[in-house]
Structures are given as structure tokens and as C-alpha cells.
Amino acid sequence: MKTNFLKNTLWASLTALALTACGGDKPADTAAADSNMADAKTVAITAIVEHPALDAARTGALEQLAAEGFKEGENLTVNFQSAQGNMATAGQIAKQFVSDNPDVIYAIATPSAQAIAAATSDLPIVFSAVTDPVEAKLVTSLEKPNGNITGASDVLPYEPQIELIRELVPNVKNVGYVYSPGEVNSTIVLKNLKEKLAPLGINVIEAPAQKSSDITQAANSLVGKVDVFYTSTDNMVVNAYEAIYQVAVNAKIPLIASNTEAVERGAVAALGVNYTDLGKQSGKIIARILKGEKPANIPVYVSKNLDLHVSPKHAAEQGIELPQSVLDRAAKIVE
């Protein structure tokens with residue numbers, strides 16, 4: 001009996017040891033991954049709406065963060081929320097993000113940046129695709145933000161835009177501008193566009209649209225009054241771009257944009273920033289903050305490079321032919 005007891009005890013001990021060796025401890029790589037995620041940085045991302053330009057600003061930032069050593073799922077946790085074009089939702093997202101206390105909040109487009117800024121003066125905020133961050137009261141100056149916010153602006157010089165309009169529509173007298181009066185970036189463009197075009201004897205005829213479903217009616221109200229449509233990076237207009245494109249085709253009014261993604265969706269031509277690159281610049285700023293820098297000490301980035309995209313197909317649909325000089329300058333020709 002004593003011999004059997006010793007055998008049974010020895011067998012139990014060996015079995016327990018074997019089980020521990022097989023499954024009691026996690027593999028080294030799994031344990032390391034768990035350790036990395038335990039120390040992971042957290043970036044909360046919000047956009048006022050999802051459309052190609054803003055999506056590119058988001059993916060560009062994540063690509064750059066990965067290049068900087070912050071990889072989602074390894075040592076970076078990302079929480080993305082879209083406001084779906086609703087300012088009340090943007091405010092709710094802002095409150096939730098502040099409650100979550102992430103390391104950085106990345107706000108894409110002016111309305112989302114303003115909602116986040118109103119919700120916290122402590123958490124680091126990086127914005128992207130904001131036309132005029134000073135006018136939007138996000139920063140005190142581009143060089144010295146002096147607060148918990150900095151980022152990347154998509155502000156465009158107006159002269160090249162106007163030159164493109166006049167090159168495509170040489171006898172232009174009236175420019176139609178559909179916009180959301182609730183977006184600061186859009187009202188700023190309207191004001192500046194009027195100031196720049198007036199000395200040239202060109203009028204800007206505006207058509208405000210309170211919501212995306214009003215875009216068609218607003219564009220139609222300009223038919224017979226304007227020689228060309230010009231669209232800014234107004235998020236509501238961009239979100240419903242096909243509506244204004246259909247009006248442009250039906251009325252044979254050329255549609256010119258300031259964001260290159262719009263050419264894929266109906267614009268004749270667009271001269272604008274590359275939003276993937278803008279997102280990457282935002283990602284660089286986020287990485288600097290994750291590494292310990294303060295937003296107040298990081299100047300706002302302003303893109304200096306403009307890309308020209310054109311579509312001969314859309315030009316023909318809207319009653320014009322693209323000059324060879326424009327085709328020769330184009331970074332991309334959309335067939």
C-alpha cells in the first residue's frame with residue numbers, strides 16, 4: 001500500500017508539472033504582446049462625417065503613426081467615431097472622448113475640432129482639415145497655438161484657384177457657391193472669394209444649404225444665374241457631391257472644386273491639397289505629443305503643395321473642353 005501511494009503521488013506530481021509546461025505559461029511572444037498593449041497609447045479619432053477627403057486624413061495619420069512606431073493592435077489603441085454630419089452627435093462624441101481620457105484626441109474637420117475644443121482645455125487635441133484654425137478660435141496663432149490644441153490646416157491660396165476658374169471658363173462673370181452656413185470654414189471661403197473676385201469684375205452668387213438634402217435645391221437655384229460652380233471643402237457639400245454634379249450636368253455648368261477627391265465624383269477639375277499627406281503630417285504631430293511634447297509648442301502645419309486633378313469626361317458632360325495646358329499640368333487625369 002505504501003508503495004502504491006508513493007507511485008500515485010509521483011505520477012500526480014509529474015502530470016501537474018507536464019500540464020504547467022504545456023499550458024500554464026503563455027508563449028513569450030504572446031506575453032510580450034500583452035505587455036505592449038498594457039502600456040499602449042490611446043488615440044481617439046473623430047470626424048464630422050465620412051467622405052474620401054476626411055477618410056484619407058484619418059488613414060494617412062494612422063499610416064504615419066505606424067511609421068513612427070505606434071502600431072494599432074500592438075502598442076496603440078484607436079477609437080474612431082463619426083458624427084455622421086450631425087453637430088449634436090459631434091458634441092456627444094466629444095464628451096465621451098473626454099470621459100475616456102485618451103492620450104491624444106484627433107479631430108478631423110472644423111466642426112469636430114470645435115466640438116472637442118469646447119469639451120476640454122486639458123487633453124491634447126490635434127486637428128486636421130481645418131481651413132482657418134484661428135478664425136475657428138481653435139488656436140491663437142499658427143506659429144504659437146498656446147493651448148492644448150494644434151494640428152494641420154488645409155487652407156488654400158485663392159489666386160491659383162481663381163486662375164484655374166478663369167482658364168477653364170474664360171468669360172466667367174458669375175461664380176455659384178453652394179455651402180453650409182453653419183460651417184465656419186465655408187463662410188470664410190465665401191468672404192475671401194468675394195474679396196478676391198470683386199476687383200476682377202466677377203461676382204459670387206451664394207446658395208446656402210442647411211442640410212445635405214437641400215444641396216440639389218440650392219444648386220438648382222443658381223441655374224441660369226452663374227457660369228460655373230465652385231465648391232470648397234464644405235463637409236456637407238462634399239458628403240452629397242453627386243447631387244450638385246447632377247445639376248451641373250443637366251444645366252451644362254462646369255463644376256470646379258478645391259479638393260481633388262471631388263474629381264472622381266463629378267468635378268471637371270480640382271486644385272487642392274493631398275489629404276493623405278495632410279493626414280500624415282497630422283500623424284507626425286500626434287507622434288510628437290505621444291512622445292512627450294506639448295501641443296502649445298508645435299506650430300500648425302499648412303500644406304504648401306497643391307495637386308491638380310482633371311476629368312475630360314466630366315468636362316464634356318458639363319459643356320466644356322479642357323485646354324491642353326491644363327491637361328499637361330495635371331497630376332492625375334480621371335477618365
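**Note on cavities, a strand pair and salt bridges**

1. R58 counts as buried, since its relative accessibility is 17%, where buried means under 20% relative accessible area, exposed means over 50%, and partly exposed lies in between (1.4 Å probe, protein chains only). The model is a predicted one, in which local features need pLDDT of at least 70 and side-chain atom pairs count only at pLDDT 80 or more, while totals for chains, interfaces and linings use all residues. Residues are numbered from 1 along each chain as its sequence is written, and side-chain values use heavy atoms, with hydrogens and water left out.

2. The partner of R58 in a salt bridge is D55, and their closest N and O atoms are 3.4 Å apart; the term stands for a side-chain nitrogen of Lys or Arg within 4 Å of a carboxyl oxygen of Asp or Glu. Both residues belong to helix α3, where three residues, or about one turn of the helix, separate them. Helices (H or I, at least four residues) and strands (E, at least two) are DSSP runs numbered from the N terminus.

3. A salt bridge also joins the side chains of E159 and K196, at 3.2 Å from N to O. This pair links distant parts of the chain, as E159 sits in helix α6 (residues 158–168) and K196 in helix α7, 37 residues apart. E159 is partly exposed at a relative accessible area of 40%, and K196 is likewise partly exposed, at 37%.

4. In helix α13 (residues 312–317), E317 and K313 are about one helical turn apart because four residues separate them, and their side chains meet in a salt bridge of 3.0 Å, N to O. Each of the two counts as partly exposed, E317 at 22% relative accessibility and K313 at 42%. For the whole structure, the search finds 12 salt bridges.

5. Strand β6 (residues 174–179) and strand β7 (residues 203–208) run parallel and are joined by six bridges, strands being taken as paired if DSSP finds at least two bridges between them. From β6 the chain passes through helix α7 (residues 184–197) to β7, in a β-α-β crossover that is right-handed; that is, with the strands pointing away from the viewer, the path from the first strand over the helix to the second runs clockwise. Among the bridge partners is I205 of β7, which is paired with G176.

6. Two cavities of 30 Å³ or more are present, a cavity being a set of points on a 1 Å grid over the protein atoms alone where a 1.4 Å probe fits but cannot get out, with lining residues having an atom within 4 Å of a point.

Key:
1 Å grid on protein atoms, 1.4 Å probe; cavity = no way out; pocket = protein on both sides within 12 Å on 5 of 7 lines; lining within 4 Å. Points joined across faces, edges and corners; volume = space filled by probe spheres on them.
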